[in-house]
Amino acid sequence: MAIERTLSIIKPDAVAKNVIGQIESRFENAGLKIVEMQLKQLSKEEAEGFYAEHKERPFFGDLVSFMISGPVVVQALEGENAILTNRDLMGATNPKEAAAGTIRADFAESIDANAVHGSDSAASAAREIAYFFGK
Ligand code: IDP
(Lines give C-alpha, C1' and ligand atoms only; values in the text may rest on other atoms or scores of the structure.)
Protein backbone atom coordinates (compact mmCIF):
# COMPACT_ATOMS: atom_id res chain seq x y z
CA MET A 1 0.00 0.00 0.00
CA ALA A 2 1.13 3.50 -0.77
CA ILE A 3 1.85 6.24 1.72
CA GLU A 4 -0.71 8.95 1.02
CA ARG A 5 -1.77 12.32 2.40
CA THR A 6 -5.37 13.39 2.89
CA LEU A 7 -7.04 16.63 3.97
CA SER A 8 -9.05 16.39 7.17
CA ILE A 9 -11.22 19.05 8.77
CA ILE A 10 -12.64 18.83 12.28
CA LYS A 11 -15.80 20.88 11.72
CA PRO A 12 -17.25 23.62 14.00
CA ASP A 13 -19.72 21.28 15.75
CA ALA A 14 -16.96 18.93 16.92
CA VAL A 15 -14.64 21.79 17.94
CA ALA A 16 -17.52 23.32 19.95
CA LYS A 17 -18.14 19.94 21.63
CA ASN A 18 -14.51 19.89 22.81
CA VAL A 19 -13.71 16.54 21.17
CA ILE A 20 -10.70 17.57 19.04
CA GLY A 21 -8.44 15.33 21.12
CA GLN A 22 -10.75 12.33 20.96
CA ILE A 23 -10.98 12.61 17.18
CA GLU A 24 -7.21 13.05 16.77
CA SER A 25 -6.65 9.93 18.90
CA ARG A 26 -8.63 7.89 16.40
CA PHE A 27 -6.39 9.05 13.57
CA GLU A 28 -3.24 8.39 15.61
CA ASN A 29 -4.43 4.96 16.72
CA ALA A 30 -5.08 4.06 13.08
CA GLY A 31 -1.49 4.95 12.17
CA LEU A 32 -2.19 8.33 10.57
CA LYS A 33 0.28 11.13 11.34
CA ILE A 34 -0.69 14.79 11.52
CA VAL A 35 1.77 16.47 9.14
CA GLU A 36 0.03 19.87 8.81
CA MET A 37 -2.39 21.39 11.32
CA GLN A 38 -4.12 24.71 11.95
CA LEU A 39 -6.99 25.82 14.19
CA LYS A 40 -8.66 28.58 12.23
CA GLN A 41 -11.82 30.52 11.53
CA LEU A 42 -12.65 30.10 7.85
CA SER A 43 -13.83 33.15 5.94
CA LYS A 44 -16.98 32.90 3.81
CA GLU A 45 -14.82 33.06 0.69
CA GLU A 46 -12.52 30.26 1.92
CA ALA A 47 -15.47 27.99 2.73
CA GLU A 48 -17.18 28.73 -0.60
CA GLY A 49 -13.97 28.02 -2.50
CA PHE A 50 -13.32 24.82 -0.60
CA TYR A 51 -16.81 23.47 -1.35
CA ALA A 52 -17.03 24.97 -4.88
CA GLU A 53 -17.95 21.57 -6.36
CA HIS A 54 -21.21 21.73 -4.34
CA LYS A 55 -22.18 25.29 -5.29
CA GLU A 56 -25.24 24.23 -7.31
CA ARG A 57 -26.53 21.93 -4.54
CA PRO A 58 -29.55 23.14 -2.50
CA PHE A 59 -27.64 22.82 0.77
CA PHE A 60 -24.63 24.91 -0.34
CA GLY A 61 -25.61 28.09 1.54
CA ASP A 62 -26.32 26.21 4.75
CA LEU A 63 -23.07 24.25 4.39
CA VAL A 64 -21.00 27.44 4.03
CA SER A 65 -22.83 29.12 6.95
CA PHE A 66 -22.18 26.08 9.12
CA MET A 67 -18.49 25.89 8.19
CA ILE A 68 -17.94 29.52 9.24
CA SER A 69 -20.04 29.27 12.42
CA GLY A 70 -16.92 28.68 14.55
CA PRO A 71 -13.29 27.60 14.34
CA VAL A 72 -12.25 24.40 12.57
CA VAL A 73 -9.11 22.26 12.64
CA VAL A 74 -7.68 21.97 9.13
CA GLN A 75 -5.02 19.29 8.83
CA ALA A 76 -3.20 16.91 6.55
CA LEU A 77 -2.94 13.28 7.65
CA GLU A 78 -0.28 10.95 6.30
CA GLY A 79 -0.08 7.18 6.33
CA GLU A 80 -0.66 3.98 4.41
CA ASN A 81 -3.86 4.25 2.41
CA ALA A 82 -4.59 7.50 4.27
CA ILE A 83 -7.53 8.61 2.08
CA LEU A 84 -9.59 5.44 2.53
CA THR A 85 -8.43 4.89 6.12
CA ASN A 86 -9.72 8.36 7.03
CA ARG A 87 -13.02 7.82 5.19
CA ASP A 88 -13.50 4.52 7.05
CA LEU A 89 -12.79 6.21 10.41
CA MET A 90 -15.25 9.03 9.56
CA GLY A 91 -18.26 6.88 8.61
CA ALA A 92 -21.11 7.78 6.27
CA THR A 93 -21.99 11.43 5.50
CA ASN A 94 -25.29 11.07 7.35
CA PRO A 95 -24.45 10.12 10.95
CA LYS A 96 -27.72 8.21 11.19
CA GLU A 97 -26.32 5.85 8.54
CA ALA A 98 -22.75 5.80 9.88
CA ALA A 99 -21.43 2.49 11.18
CA ALA A 100 -21.11 2.08 14.95
CA GLY A 101 -17.76 3.22 16.28
CA THR A 102 -17.10 5.72 13.50
CA ILE A 103 -16.40 9.38 14.25
CA ARG A 104 -19.69 10.54 12.76
CA ALA A 105 -21.71 7.88 14.59
CA ASP A 106 -20.12 8.89 17.89
CA PHE A 107 -19.80 12.68 17.60
CA ALA A 108 -22.12 14.02 14.86
CA GLU A 109 -25.72 15.14 15.20
CA SER A 110 -26.98 15.54 11.64
CA ILE A 111 -26.03 15.42 7.97
CA ASP A 112 -25.17 19.12 7.99
CA ALA A 113 -23.30 19.13 11.32
CA ASN A 114 -21.33 15.94 10.77
CA ALA A 115 -18.10 16.53 12.71
CA VAL A 116 -15.46 15.88 10.06
CA HIS A 117 -14.45 16.27 6.43
CA GLY A 118 -12.08 13.94 4.61
CA SER A 119 -10.86 13.99 1.00
CA ASP A 120 -12.66 11.40 -1.13
CA SER A 121 -9.94 10.70 -3.74
CA ALA A 122 -6.26 11.26 -4.48
CA ALA A 123 -7.14 14.16 -6.78
CA SER A 124 -9.32 15.79 -4.11
CA ALA A 125 -6.63 15.29 -1.47
CA ALA A 126 -3.99 17.00 -3.60
CA ARG A 127 -6.31 19.91 -4.42
CA GLU A 128 -7.58 20.33 -0.86
CA ILE A 129 -4.14 20.14 0.80
CA ALA A 130 -2.82 22.72 -1.67
CA TYR A 131 -5.90 24.90 -1.01
CA PHE A 132 -5.00 25.29 2.66
CA PHE A 133 -1.29 24.60 2.89
CA GLY A 134 0.16 25.34 -0.55
CA LYS A 135 2.35 22.86 -2.39
P1 IDP B 1 -18.68 13.92 2.59
O2 IDP B 1 -18.37 15.05 3.54
O3 IDP B 1 -19.07 12.67 3.33
O4 IDP B 1 -17.61 13.70 1.55
P5 IDP B 1 -20.27 15.24 0.48
O6 IDP B 1 -21.32 14.56 -0.32
O7 IDP B 1 -18.97 15.59 -0.20
O8 IDP B 1 -20.01 14.34 1.79
O9 IDP B 1 -20.92 16.57 1.07
C10 IDP B 1 -20.12 17.55 1.67
C11 IDP B 1 -20.80 18.02 2.93
O12 IDP B 1 -22.01 18.67 2.57
C13 IDP B 1 -21.23 16.90 3.88
O14 IDP B 1 -20.22 16.51 4.76
C15 IDP B 1 -22.37 17.56 4.63
O16 IDP B 1 -21.88 18.39 5.68
C17 IDP B 1 -23.00 18.43 3.56
N18 IDP B 1 -24.14 17.73 2.95
C19 IDP B 1 -24.11 16.74 2.04
N20 IDP B 1 -25.35 16.35 1.68
C21 IDP B 1 -26.19 17.13 2.39
C22 IDP B 1 -27.62 17.22 2.45
O23 IDP B 1 -28.36 16.50 1.77
N24 IDP B 1 -28.11 18.16 3.31
C25 IDP B 1 -27.32 18.98 4.05
N26 IDP B 1 -25.97 18.91 4.02
C27 IDP B 1 -25.42 18.01 3.20
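Which residues lie nearest the centre of the largest pocket? In this predicted model, local features need pLDDT of at least 70 and side-chain atom pairs count only at pLDDT 80 or more, while totals for chains, interfaces and linings use all residues. Residues are numbered from 1 along each chain as its sequence is written, and side-chain values use heavy atoms, with hydrogens and water left out.

Lys-11, Tyr-51, His-54, Thr-93 and His-117 lie nearest the centre, among 21 residues that line the largest pocket. A pocket here is an open set of points on a 1 Å grid over the protein atoms alone, where a 1.4 Å probe fits, with protein on both sides within 12 Å along at least five of seven lines; lining residues have an atom within 4 Å of a point. Helix H4 (60-67), helix H5 (82-90), strand S4 (116-118) and helix H7 (122-133) each give two or more residues to this lining; helices (H or I, at least four residues) and strands (E, at least two) are DSSP runs, numbered from the N terminus.

Around the ligand (a heavy atom within 4 Å) stand residues including Phe-59, Leu-63, Arg-104, Asp-112 and Asn-114.

Turning to polar contacts (N or O atoms within 3.5 Å), a polar side-chain atom of Arg-87 lies 2.8 Å from a ligand oxygen. For His-54, a polar side-chain atom is 3.2 Å from an oxygen atom of the ligand, and Ile-111 places a backbone N or O atom 3.2 Å from a ligand oxygen.

Notes. Polar contact = N/O pair within 3.5 Å; in protein donor to acceptor, adjacent residues only side chain to side chain.
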